[in-house]
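Hi everyone, thanks for coming. Today I'd like to walk you through one structure, step by step, so please have a look at it with me.

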Amino acid sequence: MEIEIRDIDGIVQQLGGKRHDVIPVLQAIQEKYNYLPEEALRRVCEISEITPAQIVGVASFYSQFRFTPAGEHIIKVCAGTACHVKGAGLVYDAMKRELELGKDEDTTTSGTYTIEKVNCLGCCTLAPVVQIDEVTYGHVSTSQVGTILSDFESQKGASGKKKFKLADGSEVKGEIRIGLGSCCVASGSDEIRDAVKDTIDRNDLNVKLKHVGCVGMCHQVPLVEIVPANGEPTLYSKVKAADVDQIVQEHFQPEGLLKRLSNKLLNVADTIRDDSRWMGVDRYSLDIREKHVSLFLDKQIPMATEFRGVINPIDIQEYKSRNGFRGLARVLKKMKPAEVIEEITESGIRGRGGGGFPSGTKWKMVADQPGDVKYIICNGDEGDPGAFMDRMLLESYPYRIIEGMVAAGYAVGAPEGIFYIRAEYPLAVTRILQALDICREQGYLGKDIMGSGFDFELTVYQGAGAFVCGEETALMESIEGKRGFPRIRPPYPAVKGLWGAPTLINNTETFAQISYIMKNGAGAFNKVGTESSRGTKVFALAGKVARGGLIEVPMGMTIREVVEEIGGGVAGGREFKAVQIGGPSGGCVPSWKSDTPIDFESLKEVGAMMGSGGLVVLDDADCMVDIARYFLTFTQSESCGKCSFGRIGTKRMLEILEKICTGKGTEKDLENLEDLAHWTKKGSLCSLCGTAPNPILSTLAYFREEYEAHIRGECPAGKCKDLIKYEITDDCIGCTLCAQDCPVDAIAFKPHEKHEVDNELCIQCDGCRQVCPENAVIVR
Amino acid sequence: MVKIKIDNIEVEVAEGSVLMEVIRDMGIDVPSMCYLKDEEHFTSCMVCVVKERKSGKIMPSCSMEAAEGMDIISSDEDVMEARKSALELLLSEHVGDCEAPCQITCPAHMDIPLMNRLLAEGKFHEALVVVKKDIALPSVLGRICPAPCEGACRRKSIDEPVSICLLKRYAGDHDLEADASWKPEVASDTGKKVSIIGAGPAGLAAAYHLALQGHRCRLIDRNNIAGGSLCKEVSEEELPASVLQQEIDQIAAVGVEFSLGSAVNLAEFKKLQKSSDALVVATGKGESGIAEWGLPMHPKGVEADGNTYRVGETNVFVVGSALKPSKLAIRVLGQGKESAFSVDQFLKEQPVKGEPRLFNSRFGKLVPAEYGEYLKESVEGSRLEPAQKGDGLTAEQVMEEAARCLHCDCRDLKSCRLRLYSDAYAADQKRFKSEERQLCTKQVQHDEMIYEPSKCIKCGICVRLTARHKEDFGFTFIGRGFDVVVGIPFNESTAAGLKKVALKVADACPTGAISRKVENK
């Protein structure tokens, strides 16, 4: 595309030409050209305060920005933890082979596709996940990448989605709720919505279709809940668009006799159906009273996620009707700022971002600072692979978080707040922006909020893709238009934060829970949880567990309860081995320590960390060295590069882990690894790299024998490519599927004969094992 | 004002003072690479860490402000180990030579690249001065040395090594042929007497370097002529006696006395040990008498300290084949020179440590992708050979051949803080070595400075300086994490990037990554 100087000038004019405008300007340029043309950047520097050193420094820091044109369609292979343990790496390799891309290439020569690994698409329960543009494919196996591409090709341009028209409210016979959390959308809830709309239109039903936020039961998506005006609600899971007609008609009869009749004629074969006779085996209606559903839900206590699956995220009337903004009214009208802080302190809430700093103390620090210029920041730069609770909260409960932030502004005396949300969460950004507009209209933001005389404004800042910006000092640097380099603390943001002013920065979940506390009082919150860790915590439960999803559980619940009771234990008859808690900062807690209660202190004691709340269940097919390497790959690539321990320490640790995983490690390497882990932990400037060694240290502590086995050249779990061999057993029936699937012709095509794998040629893509109908392909 | 404790000493300092300055003001050394006074701190190198007593936390002192009640340990085992680890991590990605491989390989540790630069410019006398700093017999060695230095020469990877040995020979010969050969300056008389037994290459070298320090040296040899193995084992064709004699004469000219034809027996040895302030034994191999002198022996020779050449706590120093037989004249000559440092320290009642040697950063062979980079500071062309085997090079040839040098030595040998601290903390560059290394590149477009990114430790001093002085482009960080590089935006050249503060930046760079072009090259 030609670069038009006036387009660039327009962007700068619209977004501003101050140094701190650099990231929004870059985002706008990339939006326009799909990459950052140098000519455009040079023009920006000519007409603004932004310098070449700044623009290049910033653009090259954030992974959102590209310096070469991307393909027409972007293929995102999720590399989140849950996807990783389910073979995302192999899927990525297979996709690259399918697209005939070399080692360092990411875009096809025709410019049609660009492939990239992304940290988490937030659909952990559909792992492994591949997204092409807006279409998401779940449970992808290496042998399916070709199918996915041709499916995508056939879908292209066939969209033309119809707008949904709501039935007249007064005559509603009931409600059909469709989950619009990311998991649901990813699994096809948009299609379902269209199908429902279609059915309602065709049958002229007076049924209200309602969008609800994340229900949390991500293992069953897409979910459709039918709530008749009279009668029990029924929840349908794993619904496909083709089923919608039957589901809807099961519950609602068309209005007129004629219509009903014509319908009967049209669908003559479908008149009587029950769940068991539907064609898909993975589709069934769920009754909330059913045991496994109640197990999943009953042990949870929704505070941050209160009314989940019930309220429409953006409907402010509904939020209000469920006591929304009542907490804020109480704060603004009945309490002095100091009393608010007292209540927060009394609730015992600690920061949900991972560190667990007592929120009351932090608020008081900010409140005690002199001056009128202070900021509230909601940290929504969630970037852990395998954690997506912030996203779910932002998408599903925007008002709750806004309420918490306004209350915080009042308590600490800040007139202004910022939502820092990563640009990879476009839905969350849109929802929050919508919610902010509505709040302004309704007097919950702006001047004289709720007639209290308190003024407060909120804006959204989109992060550009750097995990380190979840670190509070780096986050603020980024808002100031700089590279996301963390700064030394103290001074803490509470004293000297954004633009040098006192800044209260809390995690998204913390603000959601603040709303709960404000509404229900400190007592309602602190009666839940343990002595030192009060309240609840939201986790993304995923991995090798039967029922995954977003859960909110009381602090102090044991790991075992979460895995076995809520999660329904390990799926597929395998053995529970460990849980990885806290993502890249956390650690692996072995199954024999699963009576550990989940609270800040206990997790630290066993070498893990609350982190931001990823909880990935591992079974005996997971290699712990590989898990350590996986997390190190993540932290190493996300390290900002500022301090020597972080920049070089993480790299060297990763190199050693790679050596060990390929069977080239030595005893000396293990020693060096421990040494490096020790110093990187102690010496790093910020907690990103300071906690990066945790996955190594915890696996070394509990699974050292696996490291030692790798040094001997064995991977006990059969995961590490260089240490395994594929073999075909006598169960082979000679169906040739494996030979057809093999991308490198390592299996000769021999119909009706036992097949063999040539391990010289084999690239360990696992395709043969996945396609074999007889389970005759085994790993040694 | 806030009150803090540093190493249990209570101090009162202004609020906002950074710990490093407080500690340095107390006269305690704190190493640092990324800190630049008056510039905003960047907290990158982590070499300046100190420890908080209560929490045991390690913290960077360059950016940690003093706060009431702080209790800081400026240095203990933990702190030292942390600093060393930080240095070793930096070294693991610092691809560059401190001293050139040829110099490190040369047993006499001669500054070969500097000699080459001077010769290339036709400064033959200046080159000789450089040579004689380490080699007392350049014309002799220029004829007989097997030149281990040339084996290490990086030019060898590209085509053929620089003809170092013949270049050195020319420097020596040029001086011998001059109307008045060079007389180095001799320090004022110390009154200390040193006897050197054995006038072979080791003894000659020891005597020469000690005499220059103002000590009264006497060389004793049982033979009637000086030169030891140089006369006995080398043919006249290879080394004309006249050349040897001329260089011995030059040694005599700096005040070394010769007592030739006098064998030393036990009684004589004891007498010498008493009458001299120090005694250097350089008797060469096959000196049978030595066994009787009562010195501690091992199967191959006398037992002495490997670095200082000193025998126990005595005033006796042993060098050359008396220590361990060697066929390499340059090696024993080098030992003679090194022992002179020990003897000098001993005579001046300083701690006897031998010749000071600093840490050297090293990396493996050049790879083909780097040849072009190294040639940027050199010239194309193959090695020049003398007209006939055994001949020397002509002056023109010398200038041309010397210009083939790649100048592998770092410009910031003496000021590089990475080198100085690595030395002080005994850092091991191999501890965190990785299998892949960064490629060396050299950005030479600027008239005043040169930038070698592979030596950069990403401290960001240049980024901060060029931004503050409002360079149009300046330096910036490009990329993130381990792959971050410091460079000029939009791939502009260093010439375009630094129009205002190139020299300031070169001087502030803590390593040799950015350095002044003129400095010693």
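Let's start with contacts inside chain A of this predicted model. In secondary structure, chain A comes to 31 helices and 20 strands. And how many of its residues count as buried? Of the 780 residues in chain A, the share is 54%.

Now let's bring in the partner. Where chain A meets chain B, 31 residues of chain A are in contact with 36 residues of chain B. Which elements of chain A give two or more residues to that side? They are helix H3 (38-47), helix H4 (52-59), helix H25 (624-638), helix H26 (644-661) and helix H27 (667-683) of chain A. The one that gives the most is H26(A), with 8 residues. Sorted by class, the residues on this side of chain A are 13 nonpolar, 9 polar and 9 charged.

Let's stay with H26(A), and look at how it meets helix H2 (residues 77-92) of chain B. The two axes come within 9 Å and cross at roughly 65°, and the crossing is left-handed. Who makes the contact? From H26(A) we have A:Ser644, A:Phe645, A:Ile648, A:Gly649 and A:Arg652, and from H2(B) we have B:Ala86, B:Leu89, B:Leu90 and B:Ser92. That contact has 5 nonpolar, 3 polar and 1 charged residues.

On to chain B itself. Chain B is divided into domain 1 (2-75), domain 2 (101-181 + 358-402), domain 3 (193-340) and domain 4 (437-516). If you compare the C-alpha centres of domain 1 and domain 2 of chain B, they lie 47 Å apart.

My last stop is a pair of helices within chain B. Helix H4 (residues 112-120) and helix H9 (residues 164-177) of chain B pack at an angle of about 60°, and their axes are 11 Å apart. So, what do we call that arrangement? H4(B) and H9(B) are therefore oblique to each other. Their crossing is left-handed. On the H4(B) side you can find B:Ile112, B:Met115, B:Asn116 and B:Leu119, which meet B:Ile164, B:Leu167, B:Lys168 and B:Ala171 in H9(B). By class, this contact has 6 nonpolar, 1 polar and 1 charged residues.

That's my tour, and I'm happy to take questions!

Note on methods
Residues are numbered from 1 along each chain as its sequence is written. Chains are lettered from A and ligands numbered from 1 in the order in which they are written. This is a predicted model: local features need pLDDT of at least 70, side-chain atom pairs count only at pLDDT 80 or more; totals for chains, interfaces and linings use all residues. Two residues are in contact if their C-beta atoms, placed from the backbone, lie within 7 Å. Helices (H or I, at least four residues) and strands (E, at least two) are DSSP runs, numbered from the N terminus. Ala, Val, Leu, Ile, Met, Phe, Trp, Tyr, Cys and Pro count as nonpolar, Asp, Glu, Lys and Arg as charged, and the others, Gly among them, as polar. Domain bounds come from an automatic or database domain assignment. Axes are lines fitted to C-alpha atoms, for helices over the stretch in contact, and angles run from 0 to 180 degrees between N-to-C directions. A crossing is left-handed if the near helix is turned anticlockwise from the far one by less than a right angle, and right-handed if clockwise. Angles under 35 degrees count as roughly parallel, over 145 as roughly antiparallel, 65 to 115 as roughly perpendicular and the rest as oblique. A residue is buried if 20 or more other C-beta atoms lie within 10 Å of its own, exposed if 12 or fewer, and partly exposed in between; C-beta atoms are placed from the backbone.
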